[in-house]
Amino acid sequence: MAVDRERVMRAVSELIEAIGEDPARPGMQDTPRRVAEAYAEYFSGIGVDARALLNNTVPLDSAADEHETSGPGEIVLLRDIEFRSICEHHLLPFIGVAHVAYLPGEKVVGLGALPRVVDTLASRPQLQERLTDEIADTLFTGLDARGALVVMEAKHGCVSARGPRQVASSTVTMASRGELSDPLRRGEIFALIGGTHDR
C-alpha cells in the first residue's frame, strides 16, 4: 500500500497551521512535500510480506551425515544491520543496529535478504519490541529454520528529544525461536555478536 502523498501534504499543512505557523511563509512552503516524500520512504513496508524476500533459497548439502551433531559452525549470523523505524506512539524515529541469526534447516538464503527483511519490517509504524519479534518470526517460518535469534539496540527520539531527554540511553530487545531459545545456544551467538569487530 503506497503512501497517499497528496493527503499527507494536506495534513502537514494543517498541522503547521495548528501549531501556530504559516505554511505559506518562505522556508515552510516545501515542507509538506518534503514530509510526504520522507513518509513514503519511512512507511514503504506497509502491506509488504517480508517472507517473500526469503523465497530465493539454496538447499544445504544433503550428503551430510544425518546423525552429525549440530554445532556453532551451523549458525548464520549477520551483525550490525543498520536500521531506522518510526515509533507508532509519537511518529518519531528510532535508529540502531540489528544482529540477526538463524540455524538453517534444509536451506539458506543469500545474506543480502536479511537486511531487506529488517528494513521492510522496520518501514512501518513500529514498536521495537514488536519489530524484534516480527523479524525472528519471519526468519523462523520463512526459512523453516531450526532456530532464530534477533537482538536489536536503538536510540529512540521519543526518549532523547522529548520527555526525559535521555540522549545517551538505548533500548535493547531480543527475540528467540526454536533451538535458539535454549540459553546455551543463545550464549554462542551472544559471544559472536560481542566478538572483536569494527562497528
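The chat below goes through the fold and some single residues of a predicted model.

Student: What does the secondary structure of the protein chain come to?

Tutor: The model is predicted, and in it the protein chain has 6 helices and 7 strands. Along the sequence the pattern reads α-α-β-β-β-β-α-β-α-β-α-β-α.

Student: What box do the C-alpha atoms fill?

Tutor: Roughly 70 × 35 × 25 Å, taken along the principal axes.

Student: And how many of the residues are buried, as a percentage?

Tutor: Buried residues make up 37% of the 199 in the protein chain. On contacts: of those between residues at least 6 apart in sequence, 70% join residues at least 24 apart.

Student: Which sense do strand 2 and strand 5 pair in, parallel or antiparallel?

Tutor: Parallel, over 2 bridges, with strand 2 covering residues 76-87. I86 stands opposite P125 of strand 5.

Student: What about strand 2 and strand 3?

Tutor: Those two are antiparallel, with 9 bridges.

Student: How many bridges join strand 3 to strand 6?

Tutor: There are 10, and the two strands run antiparallel; strand 6 is residues 147-156. Y102 has A148 in strand 6 as its bridge partner.

Student: Is strand 3 buried or exposed?

Tutor: Of its 11 residues, 9 are buried, so strand 3 is largely enclosed by the rest of the structure.

Student: Why is helix 3 called largely enclosed?

Tutor: Because 7 of the 10 residues of helix 3 are buried. They are A113, L114, V117, V118, T120, L121 and A122.

Student: What covers them?

Tutor: The cover for the buried residues of helix 3 includes helix 2 (31-42), helix 4 (128-142) and strand 4 (107-109), along with strand 2, strand 3 and strand 5.

Student: Switching topic: how many disulfides?

Tutor: The count is 0.

Student: Are C87 and C158 buried or exposed?

Tutor: C87 is at 6% relative accessibility, so C87 counts as buried. C158 is at 14%, and C158 counts as buried too. The limit for buried is under 20%.

Student: Which charged residue is buried yet has no salt bridge?

Tutor: R186 is one. The nearest side chain of opposite charge is D182, 7.6 Å away, whereas a salt bridge needs nitrogen and oxygen within 4 Å.

Student: Where does R186 lie, and what is R186 in contact with?

Tutor: R186 lies in helix 6 (residues 183-193). Leaving aside neighbours within four places in sequence, R186 is in contact with L149, M174, S176, L180 and S181.

Student: Back to backbone angles. What is the phi of D80?

Tutor: Near 55°, which is a positive value in a residue other than glycine. D80 is found in strand 2.

Student: And what about R165?

Tutor: R165 has a positive phi of about 50°, and R165 is not a glycine either. R165 lies in the loop between helix 5 (157-160) and strand 7.

Student: Is R165 buried or exposed?

Tutor: R165 is at 60% relative accessibility, so R165 counts as exposed.

How values were computed:
Residues are numbered from 1 along each chain as its sequence is written. This is a predicted model: local features need pLDDT of at least 70, side-chain atom pairs count only at pLDDT 80 or more; totals for chains, interfaces and linings use all residues. Side-chain values use heavy atoms; hydrogens and water are left out. Two strands pair if DSSP finds at least two bridges between them. Helices (H or I, at least four residues) and strands (E, at least two) are DSSP runs, numbered from the N terminus. A disulfide is a pair of cysteine sulfur atoms within 2.5 Å. Buried means under 20% relative accessible area, exposed over 50%, partly exposed in between (1.4 Å probe, protein chains only). Lys and Arg count as positive and Asp and Glu as negative; His and the chain ends are not counted. Contact means heavy atoms within 4.5 Å.
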